[in-house]
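Hi everyone, thanks for making time. I'd like to walk you through one structure today, so let's get it up on the screen.

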Amino acid sequence: MIVLPTTPQLLRDVRNELTHTVAPEVHGAVARVALEQIDIILEQCAVRCADEIAWMAEELTEMLAYADDVVEATGDEATAAALVAARDNAAGTLHLDDMAHDYTLTSEALSCAIEACMADPDQSDLLRRGVEILRLRRGERETVVRANWRLVGRG
Amino acid sequence: MHEIDLMPARLAAFLQQHRDDVELIEVTDYEPMAGGYSRSMAKARVRYTTDGVTLEESLVLRGDPPPGHALVDTDRAHEWAVLRTLTELGVIPIPQARYYDATGEHLGTKAIVMDHVTGGSLQSLIEEMSDYGDHPTRLAELWGQIHCITPDQLPDAMAHPSSWEARIDDLIQSWRDAERSSVNSDPTWRYIAAWLAANKPPPLPLRLTHGDPQAPNVMIDHEGNYLVVDWEFAAIGDPREDLGWYNIYSTAAGPNLYEADPEAFLATYRAVTGFGEVEVNQLTVGYFTILASMKILGPINAQLDKFALGENSGATTALQVGSISFGHDNFINAINGMQAAIDAMAQAQGATS
């Protein structure tokens, strides 16, 4: 497998060609908007594909640990069931589709765990920890992946 | 609408059906418009000839996108019913809606034909401004005017919620439903739904809501008058749904005329609507900034799900992954801020009692 240039490098080269070779030849308003949108999506893909497997792997570990702690503290049945489903049905490989599948299953456990903490006034510290996973881990990475995102073509 | 070469003849024939007082109708120019995000838009130049006298005008067509390329699925018949009602009421400035092809047999897709506004949008105007002048005030007044329309003035074709509680509970449930039906599991949406259910604001009377109030949906004619377009999301709801959606949309794609001076904006709005400060304030607008977003994020997410399943495509849809993540980021931070304010108020009340 030829790993260099990397996928982000290839995608950014396509962006460059579109911007400097194709775009000047495109004069229709609808097509120009489409080109600008495509440029944003290509940059998002370049950012995302560089790290998404590693990020999902890290977050899987963190979500499982958090949900385990919530089950231990609250005995919440929904969270416990979601954890069993996530572990029993995990594909467990680094292939992208498998990682996305495992991430989705484990995210359900995180959802249930946060809901359990919301419903229990004694679990404010655990709730705060769950919200921090949303805000500081998922949220910050989503911000990085948004890259140069903007709503092109409105108004 | 999507077969551009055929459209001049098709449109001319369609218009002729509605104008038997005109001998000859010709469409001399037809071009798709950029800027219609959820619908396909086109502008047509039309020539009318009767007894040797020729008149010309421009019209706008607003129709459904080709199958598999929709950013959101909405109902043209619903939009047409709203436009007809607003035209009859005559209290909200809108471009006149002329005709409707209810089946798509004439124009190739269900489409509304309406007046063309010669000016640009409020968005394109304020993007170039460093001083917004009286536009924040005028916009607050405009939203207020819409929110003076009561449910009994609106057509039966629109869903009439049984109560304020029912409306709010439906909106909260829509967060859970959207998450449950999605290909993605979304803990942020589930947390948001739980927080919204635990922190409902004081109620307001139900009113007409535009559903997608934002500067690109306000056109400005050559006399400087505002005209509100894109009524596809219009509904009967809590008026603050619109204030909230305006706030989040304009934060994503500014400028945000509310954020420029929220207290002045809300004071103007309250003066037009007669609503009180207990119900309409920055905290309640913050609540609805989150709550109401699902009305549009939900349909967008449904299209992204179709994209993931290979049932939809297009750069406009793909770009909306950013809209969903932008919402995550803003809503989580907004909840943190509002919870801190709610906790501080509770503490202050505890100290005085």
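Predicted model: local features only at pLDDT ≥ 70, side-chain atom pairs only at ≥ 80, totals over all residues.

Residues are numbered from 1 along each chain as its sequence is written, while chains are lettered from A and ligands numbered from 1 in the order in which they are written.

So, the interface. On the chain A side we have 31 residues in contact with 29 residues of chain B; contact here means that C-beta atoms, placed from the backbone, lie within 7 Å. Which elements of chain A give two or more residues to that side? They are α2 (29-74), α4 (96-118) and α5 (124-146), where helices are DSSP runs (H or I, at least four residues) and strands are E runs of at least two, numbered from the N terminus. The most comes from α5(A), with 9 residues.

Now over to chain B. Its 5 strands make an open, antiparallel sheet in the order β1-β2-β3-β5-β4, with pairing requiring at least two DSSP bridges between two strands. Because β1 (24-32) and β4 (97-101) of chain B each have a single partner strand, one side of each is left without a neighbour in the sheet.

Looking inside the sheet, β3 (residues 53-63) and β5 (residues 111-115) of chain B pair over 5 bridges in the antiparallel sense. One of the bridge partners to look at is B:Ala111 in β5(B), which goes with B:Gly63.

Notes: Contact = placed C-beta atoms within 7 Å.
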